[in-house]
Structure formats: structure tokens, C-alpha cells
Amino acid sequence: MVEKVITLENIPLLDFLGTENENIRQIAAAFPKSKIVSRGNEIRIQGRAPEIIRINDVLNMLLQHFNRFGQVTPENVKEYIELEGVPFEEDPKNDIIVYGNKGLAIKPKSTNQRKLVDAAYKNDLVFALGPAGTGKTYIAVALAVRALKNREVKRIIITRPAVEAGENLGFLPGDLQEKLDPYLRPIYDALGDMVPAEKLKFYQENRVIEIAPLAYMRGRTLNDAFVLLDEAQNTTREQIKMFLTRMGPNSKVIINGDQSQVDLPSKQISGLREALRVLKDVKGIGLVNLSGKDVIRHKLVKSIIEAYDRDDQQKEQFKDEQNNRKKGNG
């Protein structure tokens, strides 16, 4: 247990702490494993070192905000807490998820990636939504590898719908693994950063890490497993329902999807979209929305996503105008 005392000098306490210390109570609620007490012009923090560092960073940002604007509101406190990211459960080494090959420290690089990690620690089922390049697949794979290394699960199962082949991979050359490889390259790239090649080969040969098309999940119960469904926007209603009902005891599931890149036939509704609608009121399910702000690829990727978003909005606006004209002429 570590203790830190912050002394507020020449600062009107009501303007900084809020009515009845509301601002400090909000910080304390965001960091429940630490004790934060405000007495007079002193703020006393007790807890683990990594968490105290985060709390200290939040308070420093709030002090800078106060010096600039002369007041701190509860909304300001919420914004700075989200910016810093709340602490992750059972993660004594701050925000590092796992150490990969050659000591590579793999950790979230944006606020929403932190929210994804936190949601995965708190929920057995999490939907991670966002465009390409936001790191949702990479973070999900890192969480799965972490769970396996910590023996929280006995295996990792990674799946995705092979829409481009119509879920019928028979016409492609090679065995099942070779047929799937083109669709699962991002998964292999992520695993390659986190698991040594020989160990990864051993894990796959012994089905500790299993990579299979979504159709192969039917009829199975997935126990003691960390399960990742990637490209979920390309599932049908029946497929995603089948997948969701595979969850067994001691399972963790992350479902990734990009609702702007649906490859299904135009008249077919995305199973991901349906699942989000049907399950919106079910408790115990995490939902994290990533955006262009979380893109960690080349800086141009963010600009490309924004350009396409603008184009989509213009098309929708044009379509609405055309429909309104037709109604007016009618």
C-alpha cells in the first residue's frame, strides 16, 4: 500500500473540489481499489502504485484545467478520467496486457482500446465495433493470449465467417487450414507478435489455439475457452445466434465487427446488427465503440476513413432529397 498527499495551495476549494467534494467523490468512484480522502486543502490517496499514478495524473490535469478556466465541473472530471483511462482489474503492471516476442509490451494505445480491455475484464461477452485499423482484433487476440498464459482458460478459439467463399470452402485448394489462411491473416499476424513460432505451431497441433470457420462451431459447447469472432458484420442472423449459444462455463467471448463493411448480399441483414438490437437490454454484455480516432495504422488510414464517412453521408443526403422530390411530385 502506497500513500500520496497532494496539497492545494491558493485554490478556492469549492471551485476545485465541487459541492460537498463531488469532484473528488467522482474520482474515488472511478478508482474503487484506492482510498481518496479530502480534508481541508489536502487530498490523501492510498492504494497500489500504478493506480495512484493514474489518480495523480487525473488530478494534475484537473489542476491545469482549473488554472486555465478557474473552475472544475463534474463533466470536466468525467472527461479527464476517460482520457486517462480507469485502472484494469487484476493488472498490477499498469496497462500492459501481455509481453509478446522479444519482450514486446502489448498494451492499448487509445482511450477506447483501454475501454475494450476494461470491458473484457468485467464481462464474459463483449462487442467491439469500429472501422479497420482501430486495433480491435489485435487487442482481442492479446487478451486471449494473456488469459491462456495466466491459465484462466485452457484454449483459444478464433473464428470468422468466410463470406467471400460463401461459407463453402471446398473449391479452394489445400487442406482446411490452407483454405482459411487468406481470411485469417490478421489473426496470424497478431499471434505472431505474441507467441513464438514453435510454440504457436505446438498450440495449433494440440488444439490449444484453434482457428476455424464459423460453420465449424455448430453443435459445439465452448468450455474453458477465450473465443474471438472476427468480422462479425458478415454473419447472418442464424449464424450469430448459433455462435452466441455455444458459450460454455468459464468462457470469454469477444465479437468484433465493422458495420460499415458488410459483404453480405444487399438484401441480407447483418447478424451483428440484429444481435446488437436484440441484446441491447441484456445485462452483463459489454459494448465498446471504436472510431477513426483510434486508428493506429498509417496516419492516412484515418483520413481515408473520414473521407468515406463523408461520402456516405452525402449519398444518404442525396437519397433523402431524391425521395422527398418524388413525394412532392406525387
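Let's start with Glu210, which is buried at a relative accessible area of 9% (buried means under 20%, exposed over 50% and partly exposed in between, with a 1.4 Å probe and protein chains only). Its salt-bridge partner is Arg207, with N and O 3.2 Å apart; here a salt bridge is a side-chain nitrogen of Lys or Arg within 4 Å of a carboxyl oxygen of Asp or Glu. Arg207, at 51%, counts as exposed.

A word on what you are looking at: this is a predicted model, where local features need pLDDT of at least 70, side-chain atom pairs count only at pLDDT 80 or more, and totals for chains, interfaces and linings use all residues. Residues are numbered from 1 along each chain as its sequence is written, and side-chain values use heavy atoms, leaving out hydrogens and water.

The salt bridges number eleven. Another one links Arg277 to Glu274, again given by N and O atoms 3.2 Å apart. These two residues sit three apart in helix 11 (residues 271-278), so about one helical turn separates them. Helices are DSSP runs of H or I with at least four residues, numbered from the N terminus. Glu274 is buried at 15%, whereas Arg277 is partly exposed at 46%. Elsewhere, salt bridges with shared partners join Glu3, Glu42 and Arg44 into one network.

Now for the rings. There are two aromatic pairs, meaning rings of Phe, Tyr and Trp (its six-membered ring) with centres within 6.5 Å; planes under 30 degrees apart are stacked, over 60 edge-to-face, and the rest tilted. Phe16 and Phe66 have centres 6.0 Å apart and planes at 85°, so they are edge-to-face. Both are buried.
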